[in-house]
Amino acid sequence: MSLWKYKYFLDVVELKSFTKAGARNYVTQTAVSQQIASLEKMAGGMLLERGNGEICLTELGEIVYEYAREMVQTHERMLHEIESYKESSVVRIGIDSSINKLFWAKMQEMIDAMHSEEEFRFSKLDSYIGSRMLRENTLDIYIGYGLNELEQSDEIGEKPLIHSRIGAYIGPESSIKKQAEFRVKDLENYTRYGTKSYLCSVMNGEKKNPQLFTQGITFVDNVDTMKLKVEFNDGYALADSEYFSFCDGDMLLLPGYDRECVIKAFYRKKRNRKKVRQILEELQNVVK
């Protein structure tokens, strides 16, 4: 409020009117008068003379005016620099480490077409770390299948990017049949592996397809361990059939099983809003 006192004072001097100063600042003439009266009380004397229908500075008012103008200008420069920093600063993007090179190629396509490498800082993260970094405001956007360790508050927004069918990931030496007539029931006698750090492996509403899950789920600590368990223990994992990253093994689509997973962009609504919104729109367009 102290700064507003000086702002009202400067506007009254410039506009030579309490009414116009109030209109400029969307307050009443009374509010302006009260703030200037408070400023005069602080200064210990009259700052304005109101004789002959004109508003003029007193000698004391001239002293206050010069410093008030300097303070308000400094404040406005600070706000301008803050805004410039927000608009031009690096956008920090974390991408789920289980997302494959095809998605990264689409990200690069967007950057090559519309931006420079210097505008971004990328990291491969799991959902635990991505959630924490969003919460701590050390990340602007996290791209993945969901958030862990974070109750999604009003500060975090989300934008769906890609819908993909879920498939069964199996190892290169798996005894699971891979022939053309592969059926869902072929998974019944195999262990299903999942990880809470790869949220596609933990899905709601699984009771609708009990034939897939008679063996339950063996949870492991991370995606890399899940891949190893699948490959060396003759099991399978449900995963994004298009963007799940793996080197060996096969991804089998399940006839009659049309469940999807969604890659989403999670972002802090109040951080670099204009730039982040622009990046999200461009990214959604390029991955379609």
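Is R69 buried, partly exposed or exposed? I looked it up first, keeping in mind that this is a predicted model. R69 comes out at 33% relative accessibility, so I noted it as partly exposed.

**Salt bridges.** I found seven salt bridges in the structure. R69 is in one of them, with its side chain meeting that of E66 at 2.8 Å, N to O. E66 is partly exposed too, at 41% relative accessibility. Why about one helical turn between R69 and E66? Because they sit three residues apart in helix 4 (residues 59–88).

Next I checked E158 and K264, whose side chains form a salt bridge at 3.0 Å, N to O. This pair ties together distant parts of the chain: E158 belongs to strand 6 (residues 156–170) and K264 to strand 11 (residues 260–268), 106 residues apart. I also jotted down a salt-bridge network that links K7, D11, E14 and R24.

**Helix 7.** Which residues of helix 7 (residues 223–232) are buried? I got V223, M226, K227 and V230. Looking down the axis of helix 7, I saw these buried residues fall within an arc of 100°, so they line one face of the helix. D224 and F232 are exposed on the other side of helix 7.

**A charged patch.** Last, I spotted a patch of negative charge on the surface, where E109, D112, E117 and E118 gather. I placed E117 in the loop between helix 5 (101–114) and strand 4 (120–125). E117 has 42% relative accessibility, so I wrote it down as partly exposed.

How values were computed. Residues are numbered from 1 along each chain as its sequence is written. This is a predicted model: local features need pLDDT of at least 70, side-chain atom pairs count only at pLDDT 80 or more; totals for chains, interfaces and linings use all residues. Side-chain values use heavy atoms; hydrogens and water are left out. Patches are made of residues with over 30% relative accessible area and no salt bridge: like charges are joined within 9 Å, nonpolar side chains (Val, Leu, Ile, Met, Phe, Trp, Tyr) within 5 Å. Accessible areas come from the Shrake-Rupley method with a 1.4 Å probe; for residues, only the protein chains shown count as cover. A salt bridge is a side-chain nitrogen of Lys or Arg within 4 Å of a carboxyl oxygen of Asp or Glu. Lys and Arg count as positive and Asp and Glu as negative; His and the chain ends are not counted. The place of a charge is taken as NZ of Lys, CZ of Arg, CG of Asp or CD of Glu. Helices (H or I, at least four residues) and strands (E, at least two) are DSSP runs, numbered from the N terminus. Buried means under 20% relative accessible area, exposed over 50%, partly exposed in between (1.4 Å probe, protein chains only). The arc is that of the directions from the helix axis to the C-beta atoms.
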